[in-house]
Amino acid sequence: MASVVLSEAEKVYIVHGIQEDLRVDGRGCEDYRCIEVETDVVSNTSGSARVKLGHTDILVGVKAEMGTPKLENPNEGYLEFFVDCSANATPEFEGRGGEELATEIVNTLYRIFSNESTIDVKSLCINPREHCWVLYVDVLLLECGGNLFDAISIAVKAALFNTRIPKVRVLDDEEGSKEIELSDDPYDCIRLNVENVPCIITLSKIGCRHVVDATLQEEACSLASLLLSVTSRGTLTCMKKLGNGSLDPESIFEMMETGKRVGKMLHTSLQKILDKEESLGTTRQKVGFLG
Amino acid sequence: MAAIEVRLPVARKLVVQSLAQGSDKHLVAPGDTITTDTGYMRGHGTYMGDEKLVASVAGAVERVNKLICVKALKTRYNGEVGDIVVGRVTEVQQKRWKVETNARLDSVLLLSSMNLPGGELRRRSAEDELAMRDYLQEGDLISAEVQAVFSDGAVSLHTRSLKYGKLGQGVLVQVSPSLVKRQKTHFHDLPCGASVILGNNGFIWIYPTPEQKDEEAGGFVTNLEPVSLHDREVISRLRNCILALVAQKLMLYDTSIVYCYEASLPHQIKDILKPEVMQEIVLETRQRLLGLEG
């Protein structure tokens, strides 16, 4: 993870501030920085989203391709994740520097989406055992400004919400083999239900309190953080501890409660914006990257 | 109560040039022709190509009699003798420290240019060299003055006055060096209750005003006592105001910061960074500054 070097006095200042619920930028311990979400930014994907959280910039593209179902789940499609830590984000990602972080993020995403209630993968099946939709989710880290996991999960959820998978019909050929026919209308497509897609909330323990959405400076002061994946209903689906320090079971419990509370609010705000963007339809002015 | 705001991005609007701007700035991009007249001397940021003067950086053209140069908006810090800088120590080497000052090369702070605790003037001994790490470690912030500029552009710093030295508790804001206005003094005690050091290299240090001027310490005894909540609020507000001024590309100096602070008082500290609030505050600051000039 990208990190900044701070002097002892700066760290003491940050820790004392958090003790009094006033962070360096004036936020409280449970406030997020302003989040900007835009979907459909990459034209040659089935769905895409770009999320800017302070200085963190994430781009996610989803491509739906035809593939064969996995042997253990012949009636389901599946998702494949790939994370690219661009060297633009921070000099540490130059060459193969970003691979470790990328693997960590990919494993976390797989773990979250391995839960069967997250995405209805049965709807991605076309022909049992023969054809199914495979969703390739590509995450690109453009800028690293702290709190990567949260931003990535928001972007993945927004991109999946935006994904349009073309409707296909299976026809029986004369010889008995199946033929797949694509609908003529390019706007005839199926959408994914992202109600149960969880968002990751990272809680960093700094001093005696924990904060949500830590900046790079705050991450340098925290010894341990808890990564929680929370659904829109407030259910915790996955938990992971990061960092070298240790956490007291009492504080883990408190952090879980905060995570659930913050997670529910994040989901409502995010869904509201995605619906608003959807309702603007074609009249929406695309800002993109040069706006 | 926690607040999470998710919004749609808004395209940046072209900032309408203020009518009071007397001189029209000639803005160029790399590769733009500045002039085809060969009578001019070329300064920084330009090069001669095909009988015409071409810009090599993006910025505004400045002309002083026969000298034409292009002053870039976003650039690394170029050291000048006498500048005040705020830097972070990156390495501790034999008889010197390497300090990061947002320049192309790391700046150098020689052990002989550093003032010893108590302000004594003596020859630096071998014990001083071994105890270097006790004075400044990797990650420490210092305020210093530029003593000399080497031929390769690297800057040599000195902390020979008691007002320079290691910095204690506070907040660092990093901006582009071209946005910091050159003034007589860069150490300001603002009326709102905090102090600020406007480094010429773009590093701005905001810290709580010390109660008494302890001249003897010279910055070596770091005060790690908790800063009061009121001071913290002032510092956070100043930090957000500076970021707002930088986002709208206004020059940073004590008056502009104070006006921006006063304009931001009706808003909550964390709201200052919202785009619409930022624009409103900076517009008010700009109007007040124009009123001051006129």
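How much area is buried between chain B and chain A, and what share of it do carbon and sulfur atoms give? Let's zoom in on this predicted model and find out.

**View 1. Chain B and chain A bury about 3300 Å² between them.** Carbon and sulfur atoms give 64% of that area. Three residues to look for here are Ile4(B), Val6(B) and Leu8(B): together they supply 23% of what chain B buries against chain A, more than any other three residues. If you want to count who takes part in the contact, you'll get 37 residues from chain B and 36 residues from chain A.

**View 2. Polar and charged partners turn up across the interface of chain B and chain A too.** There are 12 residue pairs in polar contact here, counting pairs with both residues at pLDDT 80 or more. On the side of chain B that touches chain A, the elements giving two or more residues are β1 (6-7), β15 (171-174) and α3 (229-247) of chain B. The top giver is α3(B), with seven residues. Sort the residues on this side of chain B by type and you get 20 nonpolar, seven polar and 10 charged.

**View 3. Lys270(B) reaches Asp31(A) in a salt bridge.** Their closest N and O atoms are 2.7 Å apart. Two salt bridges are found across the interface of chain B and chain A.

**View 4. A strand from each chain lines up in parallel.** Strand β1 of chain A (residues 35-39) pairs with β1(B) over two bridges, in the parallel sense. Look for Glu36(A), which stands opposite Arg7(B) in β1(B).

**View 5. Phe81(A) and Tyr110(A) make an aromatic pair.** The whole structure has three aromatic pairs over all chains. In this one, the ring centres are 5.4 Å apart and the planes sit at 85°, so we call the pair edge-to-face.

**View 6. Glu218(A) and Arg23(A) meet in a salt bridge.** The N to O distance is 2.9 Å. This pair links parts of the chain 195 residues apart, with Glu218(A) in helix α4 (residues 216-221) of chain A and Arg23(A) in the loop between α1 (8-19) and β1 of chain A. Over all chains, the whole structure has 28 salt bridges.

Key. Residues are numbered from 1 along each chain as its sequence is written. Chains are lettered from A and ligands numbered from 1 in the order in which they are written. This is a predicted model: local features need pLDDT of at least 70, side-chain atom pairs count only at pLDDT 80 or more; totals for chains, interfaces and linings use all residues. Side-chain values use heavy atoms; hydrogens and water are left out. Contact means heavy atoms within 4.5 Å. Buried area is the accessible area (1.4 Å probe) that two parts lose on being put together, summed over both. A salt bridge is a side-chain nitrogen of Lys or Arg within 4 Å of a carboxyl oxygen of Asp or Glu. A polar contact is a pair of N or O atoms within 3.5 Å; within protein, one must be able to donate a hydrogen and the other to accept it, and residues adjacent in sequence count only if both atoms are side-chain atoms. Helices (H or I, at least four residues) and strands (E, at least two) are DSSP runs, numbered from the N terminus. Ala, Val, Leu, Ile, Met, Phe, Trp, Tyr, Cys and Pro count as nonpolar, Asp, Glu, Lys and Arg as charged, and the others, Gly among them, as polar. Two strands pair if DSSP finds at least two bridges between them. Rings of Phe, Tyr and Trp (its six-membered ring) pair if their centres lie within 6.5 Å; planes under 30 degrees apart count as stacked, over 60 as edge-to-face and the rest as tilted.
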